[in-house]
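Here is a short briefing to read alongside the model. Have the viewer open and follow the points in any order you like.

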There are 2 protein chains.
Amino acid sequence: MNRPLLLAILATLSAGVPASVMAQGVERSATARAADAAPVLVTVDQWRAMAEAGDRYPMFAQEQQRVEREVRAAMAAGINAPQPRDLGGGLTHEQHKANYKAIAGAGALYRLTGDHAYADFARDLLLEYARLYPTLSNHPAGNSSVKGRLFWQALNDSVWLVYSAQGYDAIRDTLTAEQRRRIDNDVFRRMARFLSQENASYFDRIHNHATWATAGVGMTGYVLRDQDLVERALNGTTKDGRAGFLRQVDELFSPDGYYAEGPYYQRYALAPFIIFARAIQQNEPQRDIFGRRDGVLLKAVDGVIQSSYAGYLFPINDAMPDKGLDTEEIVTGVAIAYAQTRDPSLLSIAEGQGRTILSPDGLAVAQGVATAAARPFDFRSMQLRDGPNGDLGNLVFLRHGGVNGQALVMKNTQQGQGHGHFDRLNWLFYDNGQPVIRDYGAARFLNIEAKNGGGYLDENDSWAMQTVAHNTLVVGEKSQFGGDWHVGEEHPTTPLFFNVADGLQIASARLDNGYAGVALTRTMAMVEHPDLALPVVIDLFRAKGETPTDYDLPLHFNGHIIKAFAAEHSVRERPVLGDAAGYEHLWVDAVAPASSEARSLTWLLGGRFYTYRFAASAPISAMLVESGANDPNFNLRREPALIQRMQGQAEASFFSVLEPHGAYDGTAETVSGATSRITDIARARSNGAEVILLTLVSGKTLALGVADDVAETAAHAVTINGQTYEWTGPYARFDR
Amino acid sequence: MNRPLLLAILATLSAGVPASVMAQGVERSATARAADAAPVLVTVDQWRAMAEAGDRYPMFAQEQQRVEREVRAAMAAGINAPQPRDLGGGLTHEQHKANYKAIAGAGALYRLTGDHAYADFARDLLLEYARLYPTLSNHPAGNSSVKGRLFWQALNDSVWLVYSAQGYDAIRDTLTAEQRRRIDNDVFRRMARFLSQENASYFDRIHNHATWATAGVGMTGYVLRDQDLVERALNGTTKDGRAGFLRQVDELFSPDGYYAEGPYYQRYALAPFIIFARAIQQNEPQRDIFGRRDGVLLKAVDGVIQSSYAGYLFPINDAMPDKGLDTEEIVTGVAIAYAQTRDPSLLSIAEGQGRTILSPDGLAVAQGVATAAARPFDFRSMQLRDGPNGDLGNLVFLRHGGVNGQALVMKNTQQGQGHGHFDRLNWLFYDNGQPVIRDYGAARFLNIEAKNGGGYLDENDSWAMQTVAHNTLVVGEKSQFGGDWHVGEEHPTTPLFFNVADGLQIASARLDNGYAGVALTRTMAMVEHPDLALPVVIDLFRAKGETPTDYDLPLHFNGHIIKAFAAEHSVRERPVLGDAAGYEHLWVDAVAPASSEARSLTWLLGGRFYTYRFAASAPISAMLVESGANDPNFNLRREPALIQRMQGQAEASFFSVLEPHGAYDGTAETVSGATSRITDIARARSNGAEVILLTLVSGKTLALGVADDVAETAAHAVTINGQTYEWTGPYARFDR
């Protein structure tokens, strides 16, 4: 790495040195320069450093070329700021989106290349907005509760402002005073007023949409040298700190950097937090925004990366399953976090993303990557505590075997607001680069107009959010909290214990109010054993109700069934499982009658076999089902699931083991280990404690004891198959 | 490239120089050397050239390392030639498979490294077979019509012989005379006798299984210096040329190198042809085996590569859809073909395969790749004529846009023997790296014992082979030829025309005897138009029956439905479409009543939209269905299809257009071109000719005229929408 240069950049960055010289080749603009118009979001010195060094670092140079192609295409197409008309995916929506990218891109390219055509294009486009914007009232389409003017929802207007402010900052000192006045007043001040005054209650919400608004208004404040706007953005419309960006930082992330709505929205929410924080750091370093709350914004970047597998975010709550670490927001987050921390493991994420951004942060990333400074990102077992104080549940990751190894996700969070699903105590499992036990994510085709304008589909409510669409217990064929997220918001999940040790990783949590009068406790362990090539997952799900009821435990597995338990198959026609709470979307393929015997199901996925072995404390029937019923618009994907059903019991324990095994290679035509190495699963309960006992092919046994009382000092004893297992504390493992 | 070395290798290869010196470091074996025991399949000089040069060429060096790991693992596990017991996928089956690979690998490594431990391991393993083999009678498991001794079918015994003969050849001169005698007699001669005498009628078949037998016996003949075995292999058990390898070369491939069973079996059949041909070329170059029939074996290698898309073989007939160009057989075929032709476009296929073989051919490939000699493979529009004389139909490929562009496959072949499907006039379509209109392939889980021992499933007959499982017309809800492949073998398809020109590629074929009294003619065109970003596929399927009957035209599309035509949906339960001929495996999702109006269906796949617009000469109903009904063992994949149904008509014309359009990018959250650029499809027929008329959004029209009489001089006129289209010849395109 070029150390002196890097130090120079760092010094510039941390000192917030005012612009004093122009980047190479932009002299033509000098006549129009004004002292209060020089760039402030990225200084002239920083731009010059990028202009000089960018060529030498492929990742930066490639991004510049990409943006050049994009902006050149926009310039060739000509100035077009159409009268707003369409929903997401529609022509005017996509054009205004393209425009803010073009303004930001053209501003950066002007500074990086010195080519005044870019500045002129951004100017002309902004002048066109100065003509258009004052003529607009609320957007005509859609039914958003907070309409925008350029877009159908104010959210998109805020995003427009965040990106356009950056482009405007870069070219503002090339304009005449009159041009500046028009754009300042008729675009930026009007939009800031629209968001922070005309929609003050929206602006003052503690919600990620409002963060885009505070970021847009705050960055506008810096660019226009309008400290009033900055103050409103930071501390709310009443400037008392009860709302605004700082309050959002304090409340929207947990102390571990978890964002209440989950990773998909964390990715989206992250962008305005990180982009505005960088602007604050540049203009008001004394605020130490990246140090706030013990560095919670940087923890949030780490947390969203931790919330991924094989490049894709865990799709809990409303989430598009194709959303990954290579999105614009996370590319931006990684670059800005790297510039703050110089953590070389972020560089390996940047390598996976394959690109960075045109900023001093992006240059630092490109330099790090080019000098082979990258280190593997440490995907590790951890819990992300939920809630502003970290006491509203947790999201647990148990990992083994590195990037493409095993990852178990256990969702013991709070509700996650309106985008939260009714899936407390849900689990997901990844292995061999694939989701093995999965979450449907959201029922939505983002930006595809033919699918409800690209918004959430009805099936998002009727299926994707419902408890039965997840891998957690359904009581009485109803969803948790009666399917009312406002009720769910009042009841966090209670983590009981979390421990990571060699060969045994374990987590447990309790949900008391998901169903009236029923306490749910789940304990999940990832366990290694010398007889088993890969770790297995042991699951104990206990329900303690006051009166007899019905329990259904779904398992949404991914793969082609190789061997199923004996069952009656739907042959002449395929019935629907139920009428409501998501059951109306399930076709029934096969039903096995109630039995106390352990059953197993083996499937094949991506060249590996998975055997799930299961039973319960009372006889259960077992159903093989598939999503897609009652779906006249073909909105749902069709995915298989197993449902274990226990009827007429007050208390229930469901216990199971999931075992990855063997290999199938279609190219080489070889198969190995197609048969499970576990021969039986059994369970006993006495005196408030339970033991799950696995018997292996070798005859060895592996037992897991789990106690109701999680006190470290409580002693327990359970006898099963004539053997007694004794331990002290919440859990214990026994190898015999 | 090291030119002198390459020339030396080439000289050695073409002259078949007898072994005169030992490879470096194998001196210990000199005492055991015998003049008639030196390697003949690859000479000592050739081995030495590989030993000296291999290190310098990464692809060769990596393959050597891979084989070293494999053989070292086998050596560590110890000698194990178990009593035969299991079906494919079972322990003894997989062990004997692993053994022949270990013998071949150890032989090669001995020559390449000089490490005598490899030779000793191959020797000990072969001596163990010399002990075991004479004790064996027919294999106990399975119901193969021609049982093997080591394996459940003689086919696998033949493969064992082909590979083990190569390993034995490499180490034979390291053995004592007594060891050689035992292995010669108790393994190779006995196996050759088993295949070519005890199973003489099997050996004399003109079928790919018998090619493995002739190759194994012939290579054994070369290794043992037994010209009698070579003669039997080349010319059949009666040595008169009515059977044997040469007859197989003459009859199993068409003059264009197409193999009657289709690409999947062509891949498999290719290996013994190419491997044995190489041995013949090495030992009897005067036979000019690679020049036989105008180089048909090299055409067969080219043909199988042409029969692929995105690395996967077109899965027509019985075929595993995950089978690609990276299989051992095609790696071998590419290496041997490259050594013969030095065609640099084969090197790009080798690069895609990522490996080569440990032979002089593999060294040549590794050298070519290392010296950047590779050129892109020319995937081109072409027809592969079927039948030994090329007059039994054709397989048509229409391509556009390069490797990941559009590829249309039209199957106008003969039946393809017992692995042939009842799918004449079927079509497949690939675009953007994905199968868009697809073929189910075979219903089979190769080598997975829990799935019928890894063999073909019952559903292969009841579903995968049936006409309704393909994209071709079903008459009277029955499959072609009454579902009897022996009948199908008697009736080839008749190609009518095939032409490739700029902007219009077209093929047409007729099937007369698929259904009694009904002549079927299909014409398919891939057409470009300035208004359309990508070519569209126009399809005209005409049936001419003698009496009114029912016609069903299935379309097995791949993707998620974005917008379907209006239809009644199965809500409370999902019925099964029929009772037989594959209909019993289809669930009905939605039915639209009979109508003459054109309908359309839009789906999304891999970030691109596809709109299929269709109608017919009489009212048709349209059904959306899915495979997977009547499948108690979950043997079928569940895939959607559209079925167009016309009832009670003698004559029918189904006409349609498939249009790829637009882009969906989930990462960038952008959508473009989600709406079809075609607004209508219409059709008229008069005087033995038909016109299909597309109207585009711009108002322009694109018409395709197709005549019944395909004479070049016949004149035609059809009037539609008040416009008359006149042309001469089998077809014409009109742009207005």
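In the hairpin of β26(A) and β27(A), 2 residues lie between the strands, and N721(A) takes a positive phi near 50°. Please keep in mind that this is a predicted model, in which local features need pLDDT of at least 70, side-chain atom pairs count only at pLDDT 80 or more, and totals for chains, interfaces and linings use all residues. Residues are numbered from 1 along each chain as its sequence is written, chains are lettered from A and ligands numbered from 1 in the order in which they are written, and side-chain values use heavy atoms, with hydrogens and water left out.

**The hairpin in chain A**

- Strand β26(A) covers residues 715-720 and strand β27(A) residues 723-728; they run antiparallel and are joined by 6 bridges (strands are DSSP runs of E, at least two residues, and helices runs of H or I, at least four, numbered from the N terminus; two strands pair if DSSP finds at least two bridges between them).
- A715(A) has T728(A) of β27(A) as its bridge partner.

**Helices of chain B**

- Helix α2(B), residues 44-53, is mostly covered, with 7 of its 10 residues buried.
- Among the buried residues of α2(B) are W47(B), M50(B) and A53(B).
- Helices α14(B) and α15(B) pack at an angle of about 155°, their axes 10 Å apart (axes are lines fitted to C-alpha atoms, for helices over the stretch in contact, and angles run from 0 to 180 degrees between N-to-C directions).
- That angle makes α14(B) roughly antiparallel to α15(B) (over 145 degrees counts as roughly antiparallel, under 35 as roughly parallel, 65 to 115 as roughly perpendicular and the rest as oblique).
- Their contact includes V334(B) and Y338(B) of α14(B) and L347(B) and A350(B) of α15(B) (contact means heavy atoms within 4.5 Å).
- The axes of α11(B) and α13(B) come within 10 Å and cross at roughly 80°, which makes α11(B) roughly perpendicular to α13(B).

**How the two chains relate**

Note on methods. Buried < 20%, exposed > 50% of the residue type's maximum accessible area, 1.4 Å probe, protein only.
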